[in-house]
Amino acid sequence: MIIYLHGFDSNSPGNHEKVLQLQFIDPDVRLVSYSTRHPKHDMQFLLKECDKLLQQGDDAHPLICGVGLGGYWAERIGFLCGMRQVIFNPNLFPFENMEGKIDRPEEYLDIATKCVNDFREKNREKCLAILSRQDEVLDNQRSATYLQPFYEIIWDDVASHKFKNIAPHLQRIKAFKLLA
């Protein structure tokens, strides 16, 4: 099973395309939609939904994937639920760049500081980060600086922020999913 979390633009047709591409790895891909506008509520909702999906499923190697803001959540929810994670252009600093787009961007900082101390150290090697050199929204060099000590980083020279085509990375994602 692969759980897919969309980014801030939940209505993007690219979400459906990514789900279809992920089905080449595993036919059981579940899109979990969340508000994107209420961080504390989203965290509770995503934890509950992902836990429910894990209880219903029988996959020995479940995976959670997310793009942009979905990458922010996939890393944290995956850690808390014990799943491997693949994050595409994750928005690691929504408390800085979501102001004016959501009600309380400061809740992201609260979540980040209250989640688990040193969670990336405890999550070491359980997350694969795929970053675009052409990201027009985020500074992925900054993201890489934070992620590189803990996770493998794969750089994509073609994709934009929304990462429409994940096909070039499917074999690597499949191998990562199947790691014990």
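**Exercise 1. Work out which residues Phe95 touches beyond its sequence neighbours, and how accessible Phe95 is.**

Solution. Start with the contacts: setting aside residues within four places in sequence, Phe95 meets Pro105, Tyr108 and Leu109. Please keep in mind throughout that this is a predicted model. Now take the accessibility. Finally, look along the chain: Ala112 is 17 residues away from Phe95 in sequence, and their C-alpha atoms are 9.6 Å apart in space.

**Exercise 2. Decide whether His161 is buried or exposed, and find the polar partner of its side chain.**

Solution. First locate His161 in the loop that runs between strand 6 (152-156) and helix 8 (170-177). Its relative accessibility is 14%; buried means under 20%, so His161 is buried. Then turn to the side chain, which makes a polar contact of 2.9 Å with the side chain of Asp135. To complete the surroundings, list what His161 touches when residues up to four places away in sequence are not counted: Val67, Gly68, Asn89, Asp135, Glu136, Val137 and Leu138.

**Exercise 3. Asn89 is one of the residues that His161 touches. Describe the backbone and burial of Asn89, then do likewise for Phe163.**

Solution. Take Asn89 to begin with. Asn89 sits in the loop between strand 4 (84-88) and helix 4. Its phi is near 40°, a positive value in a residue that is not glycine. With 0% relative accessibility, Asn89 counts as buried. Now for Phe163, which lies in the loop between strand 6 and helix 8. Here phi is near 50°, again positive in a residue other than glycine. Phe163 is buried, its relative accessible area being 0%.

**Exercise 4. Classify the packing of helix 2 (residues 39-56) against helix 3 (residues 69-81), and say which classes of residue make the contact.**

Solution. Begin with the geometry: the two helices pack at an angle of about 50°, with axes 10 Å apart. An angle between 35 and 65 degrees counts as oblique, so helix 2 is oblique to helix 3. The crossing of helix 2 past helix 3 is right-handed. Helix 2 contributes Pro39, Asp42, Met43, Leu46, Leu47, Cys50, Asp51 and Leu54 to the contact, while helix 3 brings Trp73, Ile77, Leu80 and Cys81. Sorted by class, the contact has ten nonpolar residues, two charged residues and no polar ones.

Terms used
Residues are numbered from 1 along each chain as its sequence is written. This is a predicted model: local features need pLDDT of at least 70, side-chain atom pairs count only at pLDDT 80 or more; totals for chains, interfaces and linings use all residues. Side-chain values use heavy atoms; hydrogens and water are left out. Helices (H or I, at least four residues) and strands (E, at least two) are DSSP runs, numbered from the N terminus. Buried means under 20% relative accessible area, exposed over 50%, partly exposed in between (1.4 Å probe, protein chains only). A polar contact is a pair of N or O atoms within 3.5 Å; within protein, one must be able to donate a hydrogen and the other to accept it, and residues adjacent in sequence count only if both atoms are side-chain atoms. Contact means heavy atoms within 4.5 Å. Axes are lines fitted to C-alpha atoms, for helices over the stretch in contact, and angles run from 0 to 180 degrees between N-to-C directions. Angles under 35 degrees count as roughly parallel, over 145 as roughly antiparallel, 65 to 115 as roughly perpendicular and the rest as oblique. A crossing is left-handed if the near helix is turned anticlockwise from the far one by less than a right angle, and right-handed if clockwise. Ala, Val, Leu, Ile, Met, Phe, Trp, Tyr, Cys and Pro count as nonpolar, Asp, Glu, Lys and Arg as charged, and the others, Gly among them, as polar.
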